[in-house]
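Subject: Structure for your files, with notes

Hello,

The structure is placed just below, and my notes on it follow. Please read them with the model open.

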Amino acid sequence: MVMGVTPGSGAARSGLMVGDRIVAVENTQVNRINQLRAIISGAPPDTTVLIELERQGTPFLLALP
Amino acid sequence: MSIKSLLACSFLLAAAAQTLPAAAETKLSAPATLAPMVKRVLPSVVSIAVTGASQSNLTPLLADPFFRQFFEDFGSLPPAERTFQAAGSGVIVDAADGLLLTNAHVVANAEQITVRLMDGTEADAEVVGVDPDTDIAALRIAPEGLVEIPIGQSSTLRVGDYVVAIGNPFGLEQTVTLGIVSALGRRGLGIEGYENFIQTDASINPGNSGGALVNLAGELVGINTAILTPSQGSAGIGFAIPVDMAIAIADQLVRDGQVRRGQLGVIIQDVTPDLVRALGLEAPSGALVAQVMPEGAAMAAGLQPRDVIVAPDGVAVTDSAALRYQIGLRSPDQTVTLDIFSGVKRMSLQAVLGAADRTVRQQRLGELPRPNNCIACRACP
């Protein structure tokens with residue numbers, strides 16, 4: 001669950017919102033925060049990361065540059 | 001002739017040319033005023049006064065049983081319902097049937113609706129039907145002495161066409177304002193479930209809701225509905241429901257008393273440049289399928305999550321709101337051909353629409369921020 005979004009960050013510019021529930025990153029289901037960190041930190045620079053999330057109970061796709 | 005009067009003449013000539021056939025455009029026989037057109041149209045625009053009752057906003061304290069009991073014991077519990085009075089506008093579209101159009105929000109929670117004609121005659125109106133998803137309501141009054149407005153075509157409007165708004169702003173009956181079509185196909189405002197607004201800078205203010213937007217021929221092209229404003233008053237950004245849609249909705253309300261819409265059975269969202277890169281999409285715009293609902297029309301047709309719908313029945317859609325609008329125009333059981341991109345492959349699917357079983361309020365999951373303090377509000381108190 002996203003508890004906060006740093007203003008001006010790439011996540012904020014992409015439209016990530018407080019309350020979003022992250023379900024999968026780059027087609028890999030994430031259940032723990034460490035999984036999320038590992039996938040994102042392992043992504044090459046200047047690539048876009050695909051995030052599947054639930055917003056207000058509705059599936060939503062987001063791409064974080 | 002002064003420069004000022006030359007400018008005035010060129011404006012009037014340009015305004016008249018819009019209504020004249022191409023061959024006549026070169027003849028300088030423009031009217032010097034819009035008064036004759038306005039005079040014809042005014043009797044078709046009415047003022048609407050509504051009285052009713054709505055749920056009052058009780059203090060959250062009263063949700064607590066202890067405090068609720070306390071207020072009840074002392075006999076000071078505020079009433080659960082509050083009576084209200086509201087004003088709006090309406091347009092007579094069928095004089096023989098006494099039928100007029102207004103906005104659904106004008107008559108929401110109404111217990112009594114009084115229509116006032118231009119000549120001061122007042123009549124009680126009955127509600128034929130309302131469609132909150134498009135904000136259209138059809139009312140009926142006794143068909144005596146009514147003048148119906150000529151119905152135009154909103155599909156032929158162009159950005160830059162002159163338009164005139166007529167209504168009852170702030171209770172000032174038969175107010176006429178002039179502007180142009182500022183934009184077409186405005187969506188995503190979150191005002192209605194199915195949006196496809198005409199944007200105009202003709203002044204629209206509280207009380208104009210349900211009133212007429214006409215072209216220079218005096219034909220109805222829209223129903224004035226909402227404004228975007230930092231102040232509750234006109235900031236030159238008003239929105240009208242296209243008449244093509246309003247009449248289609250009214251026809252269904254008269255025939256069936258309700259509007260039945262088709263449903264595809266998908267959760268959709270806009271395609272963004274970042275998603276194009278992340279998903280390797282071929283389509284730069286369209287409606288991206290986030291989820292396919294079980295046992296829905298889309299699933300039966302073979303639609304998959306991450307497919308991008310680019311055109312229903314050959315009508316290009318650039319975002320999810322446009323697709324929602326197009327599907328909402330269709331009836332249950334109607335077959336729609338969907339042009340889609342599935343990965344890099346372009347294909348067509350046939351879907352037999354299901355029935356939308358509830359009021360759909362537009363979800364703005366990827367909402368863009370508005371300018372500070374700007375609100376989209378219906379043009380009604």
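**Helix H4 of chain B**

The buried residues of H4(B) pack against strand S3 (99–102), strand S6 (126–131), strand S7 (136–140), strand S12 (220–229), strand S13 (238–242) and helix H7 (320–328) of chain B. Packing here rests on contact, meaning heavy atoms within 4.5 Å. Helices (H or I, at least four residues) and strands (E, at least two) are DSSP runs, numbered from the N terminus. This is a predicted model, in which local features need pLDDT of at least 70 and side-chain atom pairs count only at pLDDT 80 or more, while totals for chains, interfaces and linings use all residues; side-chain values use heavy atoms, with hydrogens and water left out. Residues are numbered from 1 along each chain as its sequence is written, with chains lettered from A and ligands numbered from 1 in the order in which they are written.

The residues of H4(B) that are buried are Val243(B), Met245(B), Ala246(B), Ile249(B), Ala250(B), Gln252(B) and Leu253(B). Buried means under 20% relative accessible area, exposed means over 50%, and partly exposed is in between (1.4 Å probe, protein chains only). H4 of chain B covers residues 243–256, and its 14 residues should span 20 Å at 1.5 Å a residue; the end C-alpha atoms are 20 Å apart, which agrees. The expected span is 1.5 Å times one less than the number of residues in the helix. Just after H4(B) comes Gly257(B), with a positive phi of about 80°.

**Helix H7 of chain B**

H7(B) is largely enclosed by the rest of the structure, because 9 of its 9 residues are buried. They are Ser320(B), Ala321(B), Ala322(B), Leu323(B), Arg324(B), Tyr325(B), Gln326(B), Ile327(B) and Gly328(B). The cover over these residues includes H4, strand S14 (262–263), strand S15 (266–270), strand S16 (287–292) and S17 of chain B.

**The cavity**

Rolling a probe the size of a water molecule over the atoms shows where empty space is left. A cavity is a set of points, on a 1 Å grid over the protein atoms alone, where a 1.4 Å probe fits but cannot get out; lining residues have an atom within 4 Å of a point. Grid points are joined across faces, edges and corners, and the volume is the space filled by probe spheres set on the points. The count by this rule is 1 cavity of 30 Å³ or more. The largest cavity holds about 40 Å³ of space. Its lining consists of Thr134(B), Tyr194(B), Met245(B), Ile249(B), Arg261(B), Tyr325(B), Gly328(B) and Leu329(B). H4 and H7 of chain B are the elements that give two or more residues to this lining. The lining residues divide into 5 nonpolar, 2 polar and 1 charged.

**Loops of chain B**

Phe170(B) is in the loop between strand S8 (162–167) and strand S9 (175–186). Phe170(B) has a positive phi of about 55° although it is not a glycine, and it is exposed, with a relative accessible area of 57%. Arg306(B), in the loop between helix H6 (297–301) and S17, is not a glycine either, yet has a positive phi of about 80°. At 24% relative accessibility, Arg306(B) counts as partly exposed.

Gly314(B) is in the loop between strand S17 (308–312) and H7, and is exposed at 59% relative accessible area. Gly314(B) and Leu338(B) are 24 residues apart in sequence, and their C-alpha atoms are 7.8 Å apart in space.

**Chain B as a whole**

Chain B has 7 helices and 21 strands. Of its 381 residues, 47% are buried.

**Chain A**

Chain A has 2 helices and 4 strands, in the order α-β-β-α-β-β from the N terminus on. Of its 65 residues, 34% count as buried. Leu53(A), in strand S3 (residues 49–55) of chain A, counts as buried at 2% relative accessibility.

Regards

Notes. On a 1 Å grid over the protein atoms alone, a cavity is a set of points where a 1.4 Å probe fits but cannot get out, and a pocket is an open set with protein on both sides within 12 Å along at least five of seven lines; lining residues have an atom within 4 Å of a point. Ala, Val, Leu, Ile, Met, Phe, Trp, Tyr, Cys and Pro count as nonpolar, Asp, Glu, Lys and Arg as charged, and the others, Gly among them, as polar.
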